[in-house]
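This briefing goes through selected geometric features of one protein chain, grouped by topic. The sequence and coordinates come next.

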Amino acid sequence: QVQLVESGGGSVQAGGSLRLSCAASGYTYRRYYMAWFRQVPGKEREWVATIYTSTGSTFYADSVKGRFTISQDNAQNTLYLQMNSLKPEDTALYYCAAPEAGRRTVVAGRVVDFDYWGQGTQVTVSS
C-alpha cells in the first residue's frame, strides 16, 4: 500500500520561505515521476511542479517558476518543495502526488496521471 505523507506547511508573511516534505512508502517498484499540486477551496486542483525521478528533470507552473524548487532524496524516499518569495496567492492546501509503480507520462502536470495523493499540508501567506 503506497502512502504519501506531507509535512512542513505553516503560516508566513509575504516574501518568506517554507520547505514542504513528502515521505513516500510502500513502493515495490520504481516510480518515474512525482509532483506537487495545490488547491484553494472552491477551485480546481492546480499543478505546481513535477520531477522525473530517473533524470532529475523538473518542470514548473509559470506562477511559481523562479521561486519554487522541487527536489528528491531517493535514499530517503522523500520529495521536497522549497518555496521562496512567497505571495498571498500561494495560499493553498499543498498535495504530494505519485503514480502507480512503473507508470510513465510525458506530460508534467495532469491530475489523471497520478494515482496516489497525500492528505495535504496547509500553506498560508499573509500580506
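Ser85 sits in the loop that connects β8 and β9, where helices (H or I, at least four residues) and strands (E, at least two) are DSSP runs numbered from the N terminus. This is a predicted model, in which local features need pLDDT of at least 70, side-chain atom pairs count only at pLDDT 80 or more, and totals for chains, interfaces and linings use all residues. Residues are numbered from 1 along each chain as its sequence is written, and side-chain values use heavy atoms, with hydrogens and water left out.

**Loop residues**

- Ser85 has a phi near 50°, which is a positive value in a residue other than glycine.
- Most residues other than glycine have a negative phi.
- Ser85 counts as partly exposed, because its relative accessibility is 41%; the classes are buried for under 20% relative accessible area, exposed for over 50%, and partly exposed in between (1.4 Å probe, protein chains only).
- Asp115 belongs to the loop between β9 and β10 (116–117).
- With a relative accessible area of 32%, Asp115 is partly exposed.
- Not counting residues up to four places away in sequence, Asp115 touches Ala98, Pro99, Glu100 and Arg103, where contact means heavy atoms within 4.5 Å.
- Asp115 and Val2 are 113 residues apart in sequence, and their C-alpha atoms are 9.6 Å apart in space.

**Strand β2**

- Val12 is placed in strand β2 (residues 10–13), and Gln13 lies in strand β2 as well.
- Val12 is buried at a relative accessible area of 15%, whereas Gln13 counts as exposed at 59% relative accessibility.
- Apart from residues up to four places away in sequence, Val12 touches Ser17, Leu18, Leu86, Thr124, Val125 and Ser126.
- With sequence neighbours up to four places away not counted, Gln13 touches Val125 and Ser126.
- The C-alpha atoms of Val12 and Arg110 are separated by 29 Å, with the two residues 98 apart along the chain.
- For Gln13 and Asp62, which are 49 residues apart along the chain, the C-alpha separation is 22 Å.

**Nonpolar core and Leu18**

- The largest nonpolar core contains 38 residues, and those with the most contacts inside it are Trp36, Leu81, Met83 and Tyr94; such a core is a set of buried Ala, Val, Leu, Ile, Met, Phe, Trp, Tyr and Cys residues joined through side-chain atoms within 4.5 Å.
- Two or more residues of this core come from each of β3 (18–25), β4 (33–39), β5 (46–52), β7, β8, β9 (92–98) and β11 (121–126).
- Met83, leaving aside its neighbours within four places in sequence, is in contact with Gly16, Ser17, Leu18, Leu20, Arg67, Phe68, Tyr94 and Val123.
- Leu18 lies in strand β3 and is buried, with a relative accessible area of 14%.
- Beyond its neighbours within four places in sequence, Leu18 is in contact with Gly8, Gly9, Gly10, Val12, Leu81, Gln82, Met83, Leu86 and Val123.
- Leu18 and Tyr95 are 77 residues apart along the chain, and their C-alpha atoms are separated by 14 Å.

**Disulfide**

- The whole structure holds one disulfide, defined as a pair of cysteine sulfur atoms within 2.5 Å.
- This disulfide joins Cys22 to Cys96, with an S to S distance of 2.1 Å.
- The pair ties together parts that are 74 residues apart in sequence, because Cys22 lies in strand β3 and Cys96 in strand β9.
- The link of Cys22 and Cys96 is left-handed, with -70° about the S-S bond.
- Cys22 counts as buried at 0% relative accessibility, and Cys96 is buried with a relative accessible area of 0%.

**Cavity**

- The count comes to one cavity of 30 Å³ or more; on a 1 Å grid over the protein atoms alone, a cavity is a set of points where a 1.4 Å probe fits but cannot get out, and lining residues have an atom within 4 Å of a point.
- The volume of the largest cavity is about 30 Å³, volume being the space filled by probe spheres set on the points, with grid points joined across faces, edges and corners.
- Arg31, Met34, Thr53, Gln72, Asp73, Asn74, Thr78 and Leu79 line the largest cavity.
- At least two residues of this lining are supplied by each of β7 (68–73) and β8 (78–83).
- The lining divides into two nonpolar, four polar and two charged residues; Ala, Val, Leu, Ile, Met, Phe, Trp, Tyr, Cys and Pro count as nonpolar, Asp, Glu, Lys and Arg as charged, and the others, Gly among them, as polar.

Key. 1 Å grid on protein atoms, 1.4 Å probe; cavity = no way out; pocket = protein on both sides within 12 Å on 5 of 7 lines; lining within 4 Å.
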